[in-house]
Amino acid sequence: MSTTNSTTTNSTSSGNGPSTGGGGTPPTANLLAPNAESVVALFGLTLIFIVLFFSILTLPRLLALVRHQHGKSFFFEGWLLKPKKSAVSRARDAIRRSLFLPPAPPTRKPTLRRGLVTNAAPFANDVDSDEGHGLGGDEEEKQYPPHLQTLVKFHRDGRSLGAPAHVPSWSTLLHSVPGAPWLGRAFCPNHVENLTNGQACMYLVYAVAFVVVAFYMTSGTGNLKRTGWLVVVQTPLVVSLGSKNSLVGFLLGRGYEKINFMHRWMGQLMFVSSLFHVIGYIVLWLRKNVEARQSAMHVKAWAAFAGFCMIAVFSLPVFRRSSYRLFFHAHWVGYMTYLVAICYHVEEALYWSLATFFILGLDYILRLVKSHYVTATLTPLPDLRATRIEIPHLTRGWKAGQHVRLRVLTSKMGLLSVGEAHPFTIASVAEERNGQGVVLYVKAAGDWTKRLYDVAVQGDSYGLEKGGGMYLNGNSSLASLETLGRDELQKGQVPAFDRYATGEKGVGVFATAAGHSTRTLVGLGGFGGGPTTMKMVVEGPYGGPEAHMIRSSFTASLVVVGGSGITYGLSVVEEMIRDVERLRSRVRLVGMVWVVTDPACLIPLLPTLTSLLNRVSYLPTLRFSLTVHYTRAVSPAFSAKLKELPGGGLPKNIGVEAGRPEFTSLVEDFVKTKTNRLARGSGGLSGVLVGVCGPRELARSVNEAVARVDEEVRKSVGGVEVEEE
């Protein structure tokens, strides 16, 4: 943040001007000294070329993604939430599918097996059994009766035609290089930012380059000017790294939350540079006894520095974590003050400020385009101590693992709640056949989420004691439930039930007298809070698969989630099942591990999880299992609820184990044993994807477990990649 007004005053002591003293810099050396603005601009261009270089590395995956999504849908999926298609559009799509797509495979009507919602399950085999499906080739077909062999062959052939091409990531290709695995390990396990060694190296390289550019071939006032220009020139790039709709993030194939670490680090060094710039000129003025006159001439400079100080101080973790609202407002006030004042301080900075304003303006315009004013339904889930938010109006436009930002428009959440936007991962899948729309599970962990849960609890009460509830039949998922009252049962509008059980949290289970089918009534009462509606602004979607990764291009996927991270797990698993159903996936094995404190958290999600198992049982090329690990003692209420379930327990492929999992053996067993078993069929293996979402310690443990996988095992399965949400 230098000024041209001080050039004359300080020329006698500057390394950029002629020197009259014998110890000064020779005039010839001054001719070789580069201009401060040009050197810093060259540094900025170098950073841009580095971004372009890494974006080119992701180009093969981007091309594979565009080809898999047939080009057009690539520009619509994952960028903008959209409402349900009109009847005309759905009819047009149905005609197109009937004309150009192969006929649907034969199916059978569901009948009762074991668990909450199950069926004939012609392909429901244990994921650990050698007699399971998903092997591929003639060996797979011969395991089934003749009337099912046609279905097996249809799925296998269709999978080979519609499956996406698998493009390994550069981390997979370079994993065998000495030192490459070290880059992915945790730099400091207890560090607040959860840095990896690779990110720490990026910090170091950037810091060294920053210092070299600031002090290379210059001294005196030249240092001060160059440090000021380092701040000005890098402002557009830093703002782009921190914006929600970032061009840098698009080029790299990463969400804003994945590149924000460089935004913070660059901003911190920019503040140090501006501090050096200001203190240096103050020292220079003190030596010449012109501090009062120079300070009066640089009011705009002080305003710009004050804006930068406001950003730096309130971006400290102590403020960012304790009062995000203070951090947010200090941020925008600070950078607006800086961007305006710097233009008056240095005229040449106008172009850099205009570029920054353009990036900010584009970001806010896209945020406005991505925002939807909706009416959401809130349902309290006492077992999870969470709020289920349903937005049935928005049914398309996102990918599994993406999140949205919510703003509530109600005085019940506080007068200032309108100004708060909170991110939550979407737990449902776009364009699903049940038309459920956006579904969110918001755990009551902070002040805002606790107030939201209280509002949901205090909603209109029509629980089981008033005949309210959600009715789940054999082919439905939790989001496609029908409202059903006890009065309707008595009127004979549905088959009569001979058993009704009520848990202390309002969960009722009905079983038919004939025993031909099982239906579940998940009550919303028993706690005094049924569903209630609330006006919201939904912004998104953001995030998603890293580096244009296609999850359905892997052979196997292990999803490890902790606590509320189940929202990520549900959406990812359901998307994989959907792609297999559409014959557009290579996935043959899916395992999910959920780590919770209380196993009672499983009860509210049983209809959804059992529905996923129900769908997998009709897919001859896919296996799926879920294991829940709990860290607290089992309560008597949970044991009683399990006994009340049809069949007297959980479905076959849902296991419950005490204690935290041993991730090293868990990952090794999944990759080395279960995935390698699939290699006996045709088609080969195309890699294993390990997805993780949860606390920092969980993510670190899973990453360390993946890093310990033997190199030969990695090669045999086609590589192992980690996706961290």
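Visitor: Which residue lies over the face of Y256?

Guide: In this predicted model, K244 lies over the face of Y256, at 4.8 Å from the ring centre. A second case involves R367, which is placed over the face of Y364, at 4.8 Å from the ring centre.

Visitor: How is a pair of aromatic rings described?

Guide: Two quantities are used, the distance of the centres and the angle of the planes. A search of the whole structure finds 13 aromatic pairs. One of them joins F53 and F54, with 5.5 Å centre to centre and 75° between the planes, an edge-to-face arrangement. F53 counts as partly exposed because its relative accessibility is 49%. F54 is likewise partly exposed, at 46%.

Visitor: Which parts of the chain does the pair of Y203 and F261 link?

Guide: Y203 belongs to helix 9 and F261 to helix 12 (residues 256–288), 58 residues apart, and the pair thus links distant parts of the chain. The two rings are tilted, at 6.1 Å centre to centre and 35° between the planes. Both Y203 and F261 are buried.

Visitor: What span should helix 9 have?

Guide: Helix 9 covers residues 197–215, and at 1.5 Å a residue its 19 residues should span 27 Å. The end C-alpha atoms are 27 Å apart, which agrees. After the helix comes M217, whose phi is positive, near 55°.

Visitor: Which residues of helix 9 are buried?

Guide: An α-helix has 3.6 residues a turn, so residues three or four places apart point the same way. The buried residues of helix 9 include Y203, Y206, A207, F210, V213 and A214. Ring pairs also link Y206 and F210 with F43 into a cluster.

Key
Residues numbered from 1 in each chain as written. Predicted model: local features only at pLDDT ≥ 70, side-chain atom pairs only at ≥ 80, totals over all residues. Heavy atoms only, no water. Helix = DSSP H or I, 4+ residues; strand = E, 2+ residues; numbered from the N terminus. Expected span 1.5 Å × (residues − 1). Buried < 20%, exposed > 50% of the residue type's maximum accessible area, 1.4 Å probe, protein only. Phe/Tyr/Trp six-rings, centres within 6.5 Å; stacked < 30°, edge-to-face > 60°. Lys NZ or Arg CZ within 6 Å of the ring centre and 35° of its normal.
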